Each structure stands twice: as structure tokens, then as C-alpha cells.
Amino acid sequence: MLGKQTLTFRNYFNSIFTRMFGYSPTNRILLFYIIIPIQLIASAISALGFLQGSAVFYIMGSFFWLVWFALMFMIGVPA
């Protein structure tokens, strides 16, 4: 049992990424795979708020944009 690792998403993704590109990504690089769908969702909800004129969609879109900016800030801050 020595040396056996549990299979997590990070370990699985790192092994695939390493085989494809030859290096292991950092945690900051992995955040890009999370923030891109969040950006798309925020944009779609904000557009719905604009088209519908609904404050609920505006607030939901603003929440997703705040999450997106917070994650972008986490990527940009030096370690």
C-alpha cells in the first residue's frame, strides 16, 4: 500500500495534461477551466436580464460576475 495515491480530479487531470503537453499545470492554471464556464454563465444571465428587463437576472448575473472577478484576482495575485 505504500505509494498508492487516491484518484482525485486534480491527479487525474494532471496525468492527462502531463501526457499531452509534457508538464504538470499549477493550481492557478487549473482555475482557468473553472472560470471560463462561469464567465459564459454570467454573460448569458446578464444578457437575459437586459432582454427581459428583470432585476432578478441582473442580480444573478452580477453575482456570477463577482465570483468570476474574485477567481481572476486569485489567479493574478502573486504567490
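Biologist: Which residues form a nonpolar patch on the surface?

Modeller: This is a predicted model, and in it Ile-29, Phe-32, Tyr-33, Ile-36 and Leu-40 form that patch. Together these residues have about 480 Å² of accessible area.

Biologist: Why is Leu-40 called exposed?

Modeller: The term exposed requires over 50% relative accessible area. Leu-40 has 58% relative accessibility, so Leu-40 counts as exposed. This residue lies in helix α2.

Biologist: What is the secondary structure of the chain?

Modeller: The chain has 3 helices and 0 strands. Along the sequence, the pattern is α-α-α.

Biologist: What makes up the largest nonpolar core?

Modeller: That core has 6 residues, namely Leu-31, Ile-35, Ile-38, Trp-68, Leu-71 and Ile-75. Two or more of its residues come from each of the elements α2 (27-52) and α3 (55-76). Leu-71 touches Leu-31, Ile-34, Ile-35 and Ile-38, if residues up to four places away in sequence are not counted. In general, nonpolar side chains tend to be buried together in soluble globular proteins.

Biologist: How do you know whether Trp-68 is buried or exposed?

Modeller: The value is set against the cut-off for buried, which is under 20% relative accessible area. Trp-68 has a relative accessible area of 13%, and is therefore buried.

Biologist: What makes the pair of Trp-68 and Phe-69 edge-to-face?

Modeller: A pair of aromatic rings is described by the distance of the centres and the angle of the planes. Rings pair if their centres lie within 6.5 Å, and planes over 60 degrees apart count as edge-to-face. The ring centres of Trp-68 and Phe-69 are 4.8 Å apart and the planes are at 75°, so this pair is edge-to-face.

Biologist: How many aromatic pairs does the structure hold?

Modeller: The structure holds 4 aromatic pairs. One of them is formed by Trp-65 and Trp-68, which are edge-to-face, with 5.4 Å centre to centre and 90° between the planes. Ring pairs link Trp-65, Trp-68 and Phe-69 into a cluster.

Biologist: Why is Met-72 described as partly exposed?

Modeller: The relative accessible area of Met-72 is 30%. That value falls between the cut-offs of 20% and 50%, so Met-72 is partly exposed. Met-72 lies in helix α3.

Biologist: What share of the chain is buried?

Modeller: Buried residues make up 20% of the 79 residues. The chain exposes about 6300 Å², of which carbon and sulfur atoms supply 74%.

How values were computed: Residues numbered from 1 in each chain as written. Predicted model: local features only at pLDDT ≥ 70, side-chain atom pairs only at ≥ 80, totals over all residues. Heavy atoms only, no water. Core = buried A, V, L, I, M, F, W, Y, C linked by side-chain atoms within 4.5 Å. Buried < 20%, exposed > 50% of the residue type's maximum accessible area, 1.4 Å probe, protein only. Helix = DSSP H or I, 4+ residues; strand = E, 2+ residues; numbered from the N terminus. Contact = heavy atoms within 4.5 Å. Areas by Shrake-Rupley, 256 points an atom, 1.4 Å probe, with all protein chains shown as cover. Patch = residues over 30% accessible without salt bridge, like charges linked within 9 Å, V, L, I, M, F, W, Y side chains within 5 Å. Salt bridge = Lys/Arg side-chain N within 4 Å of Asp/Glu carboxyl O. Phe/Tyr/Trp six-rings, centres within 6.5 Å; stacked < 30°, edge-to-face > 60°.
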